[in-house]
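Load the model in your viewer and keep the selection panel open. The stops below are given in the order in which to select them.

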Amino acid sequence: MNIVVLIKPTPDITKVKFDIEKGTVNRASTNLEINPFDLYAIEVAKRIKKLFGGTIVSISMAPPQAEVALRDALARGVDRAILLSDRRFAGADTLATSYTLASAIRKLGSFDIILCGEKSVDGDTAHVGPEVAELLRVPHASFVTQVSRFDKDRIVVESDYGDAYYEIELRLPALVALSRPLMFLGETVEPSIPKVGDVLRARRAKIEVWSADDLKDVADLNRLGILGSPTRVVKSYYALESGREAKVVRGIEGVSTVLQALKELGVL
Amino acid sequence: MSWSGVAVYVENYGRGPSKASFELLGKAREIAAKIGGFVHAIVLLDKEVEKCADVLVAYGADEVIVYRVEDRELPNLLIHKCSLVDAIKQLMPKLVLFPATPWGRSLAPRVAASIGAGLTADCLDVYVDDSGDIVQVRPAFTGNIIAHIKTITHPVMTTVRPGVFPVPKPDFSRKGRVIEKVLNSNMCPSAKEGYRVLGLSREKKVRIQEARVIVSIGRGVKSREDIKLFEELAKELGAQLACSKPLVDAGWMEKDFQVGFSGNIVKPKVYIALGISGAPQHIAGMKDSDFVISVNTDPSAPIARYSNIFVVGDMYEFAKKLLDAVRTLKGVGN
């Protein structure tokens, strides 16, 4: 089985610093790591490989310093890691990103399943999975909470539609965007910690870096990066300034203060 | 023909058009008044076309585009995509709005990729600026950053977070037009073979996004059995019980109850956080609540900064005493 995993190297959202005045992210403030949702995609890929054999190829589009995250992916069980890195990919919105990833998958040749996380912690769009699927003309399911059947040519998954969860059968090849908590064939899936041996092996492994020129047989270069991006950020600002000044109370006084507030708010 | 007006995708796989769809129709009217053109509602239906169309017109649609489908309640994503692509090509709307529900966020990107349009996710606002451009406002970086985004091609496509716009007052004297469409199979090849909805898998037990008052519990809970105490408090306050991520990870509560970036984003009138320290992922899910009360043993817990009242203390003791006080109060009231 040819398994493709889409991995986004993202800043560690619990450590990253923001430039509060400019409303931007200080990218130097933390390393890039595997988007936490994508760890589940790697885990599911390993389980599929165990059942059917095959290869797991990961594809990422990121600046060169993302190599650390890709070595982590190799340590976790990815067989081959490809990094799409080129100035011409820069400034891409979700459409251009999806086009670039889909082009790279085309260049790889045939695939049976593409796995990714439901969204990323930095962009938070959840667009890239469905867009890649559309560009490759394969079905997809997003916000997947369970993979309940996995055959050579079709799978059954549970997908969160919002109002309820639905059971969907997808014909392979297909793309699945994974949520958490997640079940695979009746077992709970949790990212595992890589073994020391695997980490050391991954340190020496080769990361394939592809540039825009490597995609020129499969892609229209005008659809990459900012050229291929119809959306533009016109301004941004830091949003977690709360503007709230908490009244701090202790112990029993807390109960009476809260009780009073709940009365004033009309809860009681 | 040029690009004009606003199209709204009406999410309609449940008991009827979703509340979020009505919110979008209200917003669409406001935007159409500024940029000109019609408000189109696009809906997939199996029966009772007139009844549904009348409602959509009452909530703001000038034109209702209906695609007839067999299994409205078991929606096929690929058929919805093909219908929308067909509608957008014919209507040429300047703006297309989708509800940013999981379904809407799965469907809209497929439509966008199919027609090569720009798409902005999970917006908190959409407005027309002084130069007449449509601007989309959205959070990014787990809610840390707010970005204003313009789309430089047509159409502008946006998913909008449910609950941010009010449901407009329906006006059943409004007049509108209904256009029925049929998708023929060669417009959507292999949709049915590729994607099959086998059935409803699980209903959601709760919709914490709709709660007016939320009692939310976190890592401070010591055992699964202890949840009962907080459940009782929530019940006594007429509140919905919710939780932060650690309790879902521990398997003590289901994800439908989870507030946060990877759970549900809520905006209640009152949010009571017990034993929650306030990791960024949790803050992203509750910071827009009207009034926040938090209880934590750690006086330096980050949640303090997002609270109106911060009680330094033990969540168990607090819950027991508040429960007693509320019961006494209610007893007196009777």
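**Stop 1: a helix in chain A**

Select residues 36-52 of chain A: this is helix H1, whose 17 residues reach 26 Å from first C-alpha to last, close to the 24 Å expected at 1.5 Å a residue (the expected span is 1.5 Å times one less than the number of residues). Helices (H or I, at least four residues) and strands (E, at least two) are DSSP runs, numbered from the N terminus. The model is predicted: local features need pLDDT of at least 70, side-chain atom pairs count only at pLDDT 80 or more, and totals for chains, interfaces and linings use all residues. Residues are numbered from 1 along each chain as its sequence is written, chains are lettered from A and ligands numbered from 1 in the order written, and side-chain values use heavy atoms, with hydrogens and water left out.

Colour H1(A) by accessibility; the buried residues include Phe37(A), Leu39(A), Ile42(A) and Ile48(A) (buried means under 20% relative accessible area, 1.4 Å probe, protein chains only). Just after H1(A), Gly53(A) has a positive phi of about 75°.

**Stop 2: Arg72(B)**

Go to the loop between strand E3 (63-68) and helix H3 (77-91) of chain B and select Arg72(B). Arg72(B) counts as buried because its relative accessibility is 12%. Its side chain reaches the backbone oxygen of Gly14(B) at 2.8 Å.

**Stop 3: Val311(B)**

Val311(B) is 49 Å from Arg72(B), C-alpha to C-alpha, in strand E16 (residues 309-312) of chain B. Beyond neighbours within four places in sequence, its contacts (heavy atoms within 4.5 Å) include Val249(A), Val258(A) and Phe318(B).

Methods:
Buried < 20%, exposed > 50% of the residue type's maximum accessible area, 1.4 Å probe, protein only. Polar contact = N/O pair within 3.5 Å; in protein donor to acceptor, adjacent residues only side chain to side chain.
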